[in-house]
Amino acid sequence: MAKETNGNGANIGFEETLWKAADKLRGSMDAAEYKYVVLGLIFLKYISDKFETKYNELVAEGDGFEEDRDEYTVENIFWVPKEARWQSIQNQAKDPKIGQTIDDAMILIEKENPTLKGVLDKRYARPELDKRRLGELIDLISTIKLHQNGSKDLLGRVYEYFLGKFASMEGKSGGEFYTPTCVVKTLVEMIEPYQGRIYDPCCGSGGMFVQSEKFVEEHQGKIENLSIYGQELNSTTWKLCRMNLAIRGLEGNIGPQHADSFHNDLHKTLKADFILANPPFNISDWGGNQLAEDARWRYGTPPAGNANYAWLQHMVYHLAPNGTAGIVLANGSLSTNTSNEGVIRKNMIDADLVDCIVAMPDKLFYTTGIPVSLWILNRNKTCLPNGAGKPGLPNGAGKPSFRERSGEILFIDARKKGTMVDRRLRELTDEDITEIANTYHQWRNLEGAYEDVKGFCKSAHLEEVQKHEYVLTPGRYVGIEEAEDDGIPFEEKMENLTGELAELFTKSLHLEEEIRKNLEGIGYGL
């Protein structure tokens, strides 16, 4: 069993071993291409292993139902035809035609399982893919049992780990579909999506949905009480999301195909209870000129040269009356006044939509070292007695109600949090995530015991935000952390510092004199 990780997925056991071995087989393929080769095979191995687990159970029962597809579909297990089962593929791993064999297996599986139609990648037969290396990769993946009773998330961890490694290798393009787990977990822990409709309009590979599922399970909830909606522009990433949901048995409506959320909104009438999103930062070519009069721009028309405030308003538009959103945005969105963005921010703040802003540390993303912030938006900041009407807090769930906090915004400065896992990547620990989420909950919840902590968190009223010209940078509000009192009187500290400074000046004069003497000795007097 692989050991757990609490962040982006580093150092977690056999996943890393599998990655290193698989990466050696990559050869001349770049990461963007190799990604689909590897993830497609892992997915095929997983659904075959899951099928085999049930198959062996039926064989053991001895009633002859092991080839009855109804026995599988009733338990949401994909039906895998004989020719597409992993053992058949592994037996042909050394065959020069192995690429076509895999493509044919993918076609058969899609034909037998309509929910996978158009999802599986069928690129294994193309001539440029080295069939010897492909066979070695099949043999390698064959050594890992990706499904067995009691270990349903084994494949989930492998898949998540590989997505992160590919993002790291690919840089910017890889990060378009991968949000670091610790960032996703922070958002999920803050807004607590227990039940209701959850939506991500730029869902990438589906990390927000996966983490929400984990949250519900960890809190003894029922995953069937969470309805998943999403949309993704990139066609191959949309397929990754479909596979990512499928391997976890999650049903989600992410549209019949990839589509642009701005120009082809597949969920126009959706009002979500929870929105979790990490939209691509500072997109300049989002086609804003074609949407100048769009109904979503209730707080102002976003600039055609930057989509940040278009994303914010798109999500507010899709929030239910009691809905909550958690959004990752570049720090510039907190203070920009360019091209109407400052006006939009002012209007959103005056409409009391902003609940909390969290400044995150830098180097959390594979794609960029720039820091980001978390925006928590809420359509209803008034108290809801006994959790009534709040989808995330059902009656009888034992969760506290939210207090009246109209005209207030919580600022959290978490820039000093996190631990470097290598020279260029940082991740938040579980303790960091818990501290951030608990601070928000203590401030938000009716029974909370919140207190401002200088240098870390501050509850500010609207009047204070107005004095700061509607800038939402947490550092402006939380102040500077007070230095720990060491018990030494100020006068004594000054006397000691003055003495040390005088001593340094004396040493400096002595060193200068020595340098002069040495230069004179070699004929370079000053």
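Guide: Happy to. Keep in mind that this is a predicted model. Let's begin with the second largest pocket: 32 residues line it, and Asn76, Phe78, Ala246, Gly249 and Glu251 are the ones nearest its centre.

Visitor: How much space lies in the second largest pocket?

Guide: About 780 Å³.

Visitor: Which elements supply at least two residues of its lining?

Guide: Three do: α2 (31-61), α11 (235-246) and β3 (252-253). Of these, α2 has the largest share, giving six residues.

Visitor: And how do the lining residues of that pocket divide by class?

Guide: Into eleven nonpolar, eleven polar and ten charged residues.

Visitor: What about cavities? How do they differ from pockets?

Guide: A pocket is open, whereas a cavity is a space where a 1.4 Å probe fits but cannot get out. Counting those of 30 Å³ or more, this model has two cavities.

Visitor: How much space lies in the largest cavity, and which residues line it?

Guide: The largest cavity holds about 60 Å³. Around it you'll find Tyr36, Leu39, Gly40, Val119, Asp121, Thr236, Lys239, Leu240 and Met243.

Visitor: Which helix gives the most to that lining?

Guide: That's α11, with four residues. Both α2 and α11 supply at least two residues each, and these two helices also each supply at least two to the lining of the second largest pocket.

Visitor: What classes line the largest cavity?

Guide: Five nonpolar, two polar and two charged residues.

Conventions:
Residues numbered from 1 in each chain as written. Predicted model: local features only at pLDDT ≥ 70, side-chain atom pairs only at ≥ 80, totals over all residues. Heavy atoms only, no water. 1 Å grid on protein atoms, 1.4 Å probe; cavity = no way out; pocket = protein on both sides within 12 Å on 5 of 7 lines; lining within 4 Å. Points joined across faces, edges and corners; volume = space filled by probe spheres on them. Nonpolar A, V, L, I, M, F, W, Y, C, P; charged D, E, K, R; others polar.
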